[in-house]
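Please read these notes with the sequence and the model side by side. They are numbered so that each point can be checked on its own.

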Amino acid sequence: MPFDYRRDDTGELVPHEGQQAAIREAVAMKAEGASLRVTADALQAKGHAISHVAVSRVLRYHPSAA
């Protein structure tokens, strides 16, 4: 399942607003030159369970990170 989605009661994928905000933050941090580990640490400090490897994947494949 993509990081920024969850399944609703019917099993459909729906956006997870909190995680979508985390992706926007990761994209902004990348633009500022932050490393993957620094970005992951910042997101983890806000309660997101994401590693630097996952940050890398999100920034590589998520449409908003292009």
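1. D41 lies in helix α2; helices are DSSP runs of H or I with at least four residues, strands are runs of E with at least two, and both are numbered from the N terminus. At 48% relative accessibility, D41 counts as partly exposed, a class between buried (under 20% relative accessible area) and exposed (over 50%), with a 1.4 Å probe and protein chains only. The C-alpha atoms of D41 and I23 are separated by 13 Å, and the two residues are 18 apart along the chain.

2. On the source: this is a predicted model, in which local features need pLDDT of at least 70 and side-chain atom pairs count only at pLDDT 80 or more, while totals for chains, interfaces and linings use all residues. Residues are numbered from 1 along each chain as its sequence is written, and side-chain values use heavy atoms, with hydrogens and water left out.

3. Which residues make up the largest nonpolar core? There are ten: A22, I23, A26, A40, L43, I50, A54, V55, V58 and L59. A nonpolar core here is a set of buried Ala, Val, Leu, Ile, Met, Phe, Trp, Tyr and Cys residues joined through side-chain atoms within 4.5 Å. At least two residues of this core come from each of α1 (17–31), α2 (36–45) and α3 (52–61). The most, four residues, is given by α3. In soluble globular proteins, nonpolar side chains tend to be buried together.

4. One cavity of 30 Å³ or more is counted. On a 1 Å grid over the protein atoms alone, a cavity is a set of points where a 1.4 Å probe fits but cannot get out; a pocket is an open set with protein on both sides within 12 Å along at least five of seven lines, and lining residues have an atom within 4 Å of a point. The largest cavity holds about 30 Å³ of space, and its lining consists of F3, A22, I23, A26, L43, I50, V55 and V58. Both α1 and α3 supply at least two residues of that lining, with the largest share, three residues, coming from α1.

5. The largest pocket holds about 200 Å³ of space. Its lining is P2, F3, D4, I23, I50, A54, R57, V58, Y61 and H62. Here α3 gives the most, with four residues.

6. How many salt bridges does the structure hold? It holds two, a salt bridge being a side-chain nitrogen of Lys or Arg within 4 Å of a carboxyl oxygen of Asp or Glu. One joins E17 and R24, whose closest N and O atoms are 2.7 Å apart. E17 is partly exposed at 49% relative accessible area, and R24 is partly exposed at 45%.

7. The other pair is E25 and K46, with the closest N and O atoms 2.9 Å apart. Because E25 lies in helix α1 and K46 in the loop between α2 and α3, the pair ties together parts that are 21 residues apart in sequence. E25 counts as partly exposed at 24% relative accessibility, whereas K46 is exposed at 54%.

8. M1, Y5 and L13 make a nonpolar surface patch of about 300 Å². Such a patch takes residues with over 30% relative accessible area and no salt bridge, with nonpolar side chains (Val, Leu, Ile, Met, Phe, Trp, Tyr) joined within 5 Å. L13 is placed in strand β2 (residues 13–15) and counts as partly exposed at 39% relative accessibility.

Notes: Patches are made of residues with over 30% relative accessible area and no salt bridge: like charges are joined within 9 Å, nonpolar side chains (Val, Leu, Ile, Met, Phe, Trp, Tyr) within 5 Å. Accessible areas come from the Shrake-Rupley method with a 1.4 Å probe; for residues, only the protein chains shown count as cover. Grid points are joined across faces, edges and corners, and a volume is the space filled by probe spheres set on the points.
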